[in-house]
Amino acid sequence: MFGQTSTTTTTPPPTERGLEDLDAAAMAYAARIAGLPPERRGEARDDLVRFALPFAGRLARRYRGRGEPLEDLEQVARLGLVNAVDRYDPERGSFTAYAAITIVGEIKRHFRDRTWGVHVPRRLRDLILEVGQATAALTSELSRAPSVAELSARLETPQEEILAALESAAGYSPASLNAPVGGESSAEFGDLVGESDNALESVDDRVTVSGLLHRLPWRERRILAMRFYGNQTQAEIAARFGISQMHVSRLLSRALTWLRQAMLADAPPPWQNGAAEPDPGKTRISVKQDGDSVVVEVGGEIDRDGADQLRRAMLEAVTGQPSEVVVDLVGAGGFDAGGIAALMAGRDAAERTGVPLRLTRVQPAVRRSLTAAGLSPARD
C-alpha cells in the first residue's frame with residue numbers, strides 16, 4: 001500500500017463553483033498530449049474544450065443586445081475556443097489571454113462579415129465605424145450633429161467617401177418588406193413600394209408572336225418588322241420593296257389576320273391554305289439567251305453566299321461574246337458588299353471583252369446602293 005505511486009497529469013474537471021484556472025488546465029493538456037500521436041490527442045483536446053466552455057460563454061454574453069441572437073454568439077465563441085486550443089503553444093505564454101483574444105476576434109469578425117443585411121465592401125465598413133466614432137466625438141465637442149465637411153476634415157477623407165459611408169450604414173439592418181405598416185392594418189411595407197408591371201401579362205403573347213413570325217414568308221416578316229419595329233410608313237415600305245402603298249396595306253392586313261387566327265388556335269393554320277410563297281430572301285440567279293443577247297435574272301438578297309453564284313453567272317454570260325448582257329434586277333431585294341463586288345467584277349469583265357452590260361429594272365433602294373458604289377443602272 002505504501003509502495004511507489006504513479007501520477008498522471010490530467011485536465012482538472014470543472015466544479016460547481018465555476019471555471020477553474022485555465023492556464024493550469026492548458027498546461028496539463030500540453031503535458032498530457034506530449035509524445036502522443038495525433039490520433040490519440042482527440043480525447044484530451046475535447047476535455048480541455050469542455051472545461052473552457054463557460055469561459056467562452058462569458059465572453060459571448062458581453063456582446064449580447066447588439067442585434068445578434070445570444071445562441072449564435074455562443075457558437076462563434078466556441079469556434080474561437082476550438083481554434084485557440086488547436087493553436088496553443090505553452091512556450092508563448094498564458095492560455096487564458098490567448099484564448100480571450102482568439103474568441104473575441106472571432107466574435108468581432110462575425111459582426112463584421114455576417115450581420116450586414118446587404119453586401120458592403122470591407123473598406124467601406126471600416127470607414128463606417130470611423131465615421132460613427134468621429135460623429136460621437138464631434139457631437140460632444142460642438143453640441144450638435146457634425147456636417148459632412150466637418151467629418152471629412154476630422155478623418156482627412158474626401159466628402160464623397162463620407163457620404164458613401166453614411167448611405168451604406170443603412171445596409172447594416174435594412175427594413176424588411178414584410179414589416180407591418182402599423183396600427184391595425186394588415187398592409188406590409190412592401191405593399192407601399194414598387195408597382196405592378198403591366199408588361200408582365202403580355203410576356204406569353206410576345207413569346208408566342210415571336211415564334212409565329214418565323215412561320216410567315218420572308219416579305220411579310222420584313223414588312224411587319226419595318227412597320228411595327230422600325231416605325232416606317234406604308235409609303236416608305238412600298239418604296240423599299242418597289243410596290244404600291246395599297247399592296248403594302250393588303251400584305252399587312254393579311255399577315256395580321258393570320259397572326260390573330262394563329263394566336264387563338266391550338267395549332268397555327270397554314271399560310272394561304274398551305275401554299276407557301278417562295279422566299280424572296282433566297283438568292284435566285286438564272287442565265288437565259290434572248291436572241292443575240294444574254295439576260296441574267298437576279299432575285300432575292302445577294303449576300304456573301306450568293307455573291308460567288310452571281311459572279312460566275314456574269315462571267316459565263318460575258319464569255320460567250322453576246323451582243324449585250326442584260327442584268328435584270330427586278331427581283332433583287334438588296335446587295336451587301338459581296339454582292340456589289342460581284343456586279344463590279346462582271347462589269348470589269350464586260351469592259352475587257354468589249355461586251356456592253358446593262359443593269360435594268362432596279363428597285364429604288366437597290367439603285368441607291370449601286371449608284372453609291374459607282375455602278376450606273378439604266379433608267380427604265
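Which residues does leucine 81 touch, not counting residues up to four places away in sequence? Leucine 81 touches Val49, Ala52, Leu53, Ala56, Phe95 and Ile103; contact here means heavy atoms within 4.5 Å. The model is predicted: local features need pLDDT of at least 70, side-chain atom pairs count only at pLDDT 80 or more, and totals for chains, interfaces and linings use all residues. Residues are numbered from 1 along each chain as its sequence is written, and side-chain values use heavy atoms, with hydrogens and water left out.

**Overall make-up**

- The protein chain holds 14 helices and four strands. Helices (H or I, at least four residues) and strands (E, at least two) are DSSP runs, numbered from the N terminus.
- The protein chain has 380 residues, of which 34% count as buried. Buried means under 20% relative accessible area, exposed over 50%, and partly exposed in between (1.4 Å probe, protein chains only).
- Take the contacts in the protein chain between residues at least 6 apart in sequence: 57% of them join residues at least 24 apart.

**Nonpolar cores**

- A nonpolar core is a set of buried Ala, Val, Leu, Ile, Met, Phe, Trp, Tyr and Cys residues joined through side-chain atoms within 4.5 Å.
- The largest nonpolar core has 30 residues. Phe55, Leu81, Val85, Phe95, Ile103 and Ile107 touch the most other members.
- Helices α1 (22-33), α2, α3 and α4 (95-114) each supply at least two residues of this core. The most come from α2, with nine residues.

**Helix α2 against α3**

- Two packed helices are described by the angle between their axes and the distance between the axes. Axes are lines fitted to C-alpha atoms, for helices over the stretch in contact, and angles run from 0 to 180 degrees between N-to-C directions.
- Helix α2 (residues 42-61) packs with helix α3 (residues 70-87) at about 135°, and their axes are 8 Å apart.
- The pair α2 and α3 is therefore oblique. Angles under 35 degrees count as roughly parallel, over 145 as roughly antiparallel, 65 to 115 as roughly perpendicular and the rest as oblique.
- The α2 and α3 crossing is right-handed. A crossing is left-handed if the near helix is turned anticlockwise from the far one by less than a right angle, and right-handed if clockwise.
- On the α2 side, the contact residues are Arg45, Leu48, Val49, Ala52, Leu53, Ala56, Ala60 and Arg61. They meet Leu70, Leu73, Glu74, Ala77, Arg78, Leu81, Val82, Val85 and Asp86 in α3.
- The residues of this contact divide into twelve nonpolar, no polar and five charged. Ala, Val, Leu, Ile, Met, Phe, Trp, Tyr, Cys and Pro count as nonpolar, Asp, Glu, Lys and Arg as charged, and the others, Gly among them, as polar.

**Helix α1 against α2**

- The angle between α1 and α2 is about 170°, with their axes 10 Å apart. That makes α1 roughly antiparallel to α2.
- From α1, Leu22, Ala25, Ala26, Tyr29, Arg32 and Ile33 take part in the contact. From α2 come Glu43, Ala44, Arg45, Asp47, Leu48, Phe51, Ala52 and Phe55.
- The α1 and α2 contact has ten nonpolar residues, no polar and four charged.

**Helix α6 against α7**

- α6 and helix α7 (residues 159-168) pack at about 110°, with axes 9 Å apart. That makes α6 roughly perpendicular to α7.
- The crossing of α6 and α7 is right-handed.
- Val148, Ala149, Leu151, Ser152 and Leu155 of α6 make the contact with Gln159, Ile162, Leu163 and Leu166 of α7.
- Seven residues of the α6 and α7 contact are nonpolar, two are polar and no residue is charged.

**Single residues**

- Valine 366 lies in helix α14 (residues 364-372). Its relative accessibility is 3%, so valine 366 counts as buried.
- Valine 366 touches Ala332, Gly333, Gly334 and Phe335, not counting residues up to four places away in sequence. Valine 366 and glycine 333 are 33 residues apart in sequence and 7.1 Å apart in space, C-alpha to C-alpha.
- Serine 143 sits in the loop between α5 (122-142) and α6 (148-155). Its phi is near 60°, a positive value in a residue other than glycine. Serine 143 counts as exposed, at 68% relative accessibility.
- Arginine 361 is in the loop between β4 (357-360) and α14. Its phi is near 50°, also positive in a residue other than glycine. Arginine 361 is partly exposed, with a relative accessible area of 44%.
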